[in-house]
Amino acid sequence: MIQIKVNNYSVEVSGHAGYMPRGSDIVCAGVSALYQTLKESAKELTDGEYKTSSEEGYGRIWPIGEVSDEYKLLVSSFLIGANGIADSYPDYVKVITD
């Protein structure tokens, strides 16, 4: 199962969906695409500073200092997509927010 935790605009994604074998898992691919878009958009479209941590089955991004309105919007958009996937595949994705 993939767990997505959002706490104070820190976003952490961990685990594997297990919906299909690795390399053909559409649930993992969907969540990964959303997370990668959030991470790259934060860097490219905002003036904020961020720390990131990534390895297989894990990714985290958290802002350093003041959180910009642009980043807040990006996280809100990420959550819309993540919740949509979780609603469609509740046995494979769980979203936890503070």
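At what angle do the axes of helix 1 (residues 26–45) and helix 2 (residues 69–88) cross? They cross at roughly 175 degrees and come within 10 Å of each other. This is a predicted model, in which local features need pLDDT of at least 70, side-chain atom pairs count only at pLDDT 80 or more, and totals for chains, interfaces and linings use all residues. Residues are numbered from 1 along each chain as its sequence is written, and side-chain values use heavy atoms, with hydrogens and water left out. Helices (H or I, at least four residues) and strands (E, at least two) are DSSP runs, numbered from the N terminus.

**The helix pair**

- Two packed helices are described by the angle between their axes and the distance between the axes.
- Here the axes are lines fitted to C-alpha atoms, for helices over the stretch in contact, and angles run from 0 to 180 degrees between N-to-C directions.
- Helix 1 and helix 2 are therefore roughly antiparallel to each other (angles under 35 degrees count as roughly parallel, over 145 as roughly antiparallel, 65 to 115 as roughly perpendicular and the rest as oblique).
- On the helix 1 side, the residues that meet helix 2 are Val27, Gly30, Val31, Leu34, Tyr35, Leu38, Ser41, Ala42 and Leu45; their partners in helix 2 are Glu70, Tyr71, Leu74, Val75, Phe78, Gly81, Ala82 and Ile85. Contact means heavy atoms within 4.5 Å.
- By class, this contact of helix 1 with helix 2 has 13 nonpolar, 3 polar and 1 charged residues (Ala, Val, Leu, Ile, Met, Phe, Trp, Tyr, Cys and Pro count as nonpolar, Asp, Glu, Lys and Arg as charged, and the others, Gly among them, as polar).
- Ala82, in helix 2, is buried, with a relative accessible area of 0% (buried means under 20%, exposed over 50%, partly exposed in between, with a 1.4 Å probe and protein chains only).
- Leaving aside neighbours within four places in sequence, Ala82 is in contact with Ile4, Leu34 and Val95.
- Ala82 and Ala42 are 40 residues apart in sequence, and their C-alpha atoms are 17 Å apart in space.

**Aromatic rings**

- The structure holds 3 aromatic pairs; rings of Phe, Tyr and Trp (its six-membered ring) pair if their centres lie within 6.5 Å, and planes under 30 degrees apart count as stacked, over 60 as edge-to-face and the rest as tilted.
- The ring centres of Tyr19 and Tyr92 are 5.1 Å apart and their planes are at 85 degrees, so this pair is edge-to-face.
- Tyr19 lies in the loop between strand 2 (10–14) and helix 1, and Tyr92 in the loop between helix 2 and strand 5 (93–97), so the pair ties together parts that are 73 residues apart in sequence.
- Both partners are partly exposed: Tyr19 has a relative accessible area of 31%, and Tyr92 one of 25%.
- For Tyr50 and Tyr71, the ring centres are 4.8 Å apart and the planes are at 40 degrees, so the pair is tilted.
- That pair links distant parts of the chain, with Tyr50 in strand 3 (residues 49–55) and Tyr71 in helix 2, 21 residues apart.
- Tyr50 counts as buried at 16% relative accessibility, and Tyr71 counts as buried at 0%.
- Ring pairs also link Tyr19, Tyr89 and Tyr92 into a cluster.

**Around Arg60 and Trp62**

- Arg60 lies over the face of Trp62, at 3.9 Å from the ring centre (a charge sits over a ring if NZ of Lys or CZ of Arg is within 6 Å of the ring centre and within 35 degrees of the ring normal).
- Thr52, in strand 3, touches Lys39, Lys43, Arg60, Ile61 and Trp62, not counting residues up to four places away in sequence.
- Thr52 counts as partly exposed at 35% relative accessibility.
- Glu12 lies in strand 2 and counts as partly exposed at 23% relative accessibility.
- Not counting residues up to four places away in sequence, Glu12 touches Gln3, Ile4, Lys5, Tyr58, Gly59 and Arg60.

**Positive phi angles in a loop**

- Most residues other than glycine have a negative phi.
- Asn8 has a positive phi near 55 degrees and lies in the loop between strand 1 (2–7) and strand 2.
- At 59% relative accessibility, Asn8 counts as exposed.
- Tyr9, in the loop between strand 1 and strand 2, has a positive phi of about 70 degrees although it is not a glycine.
- Tyr9 counts as partly exposed, at 28% relative accessibility.
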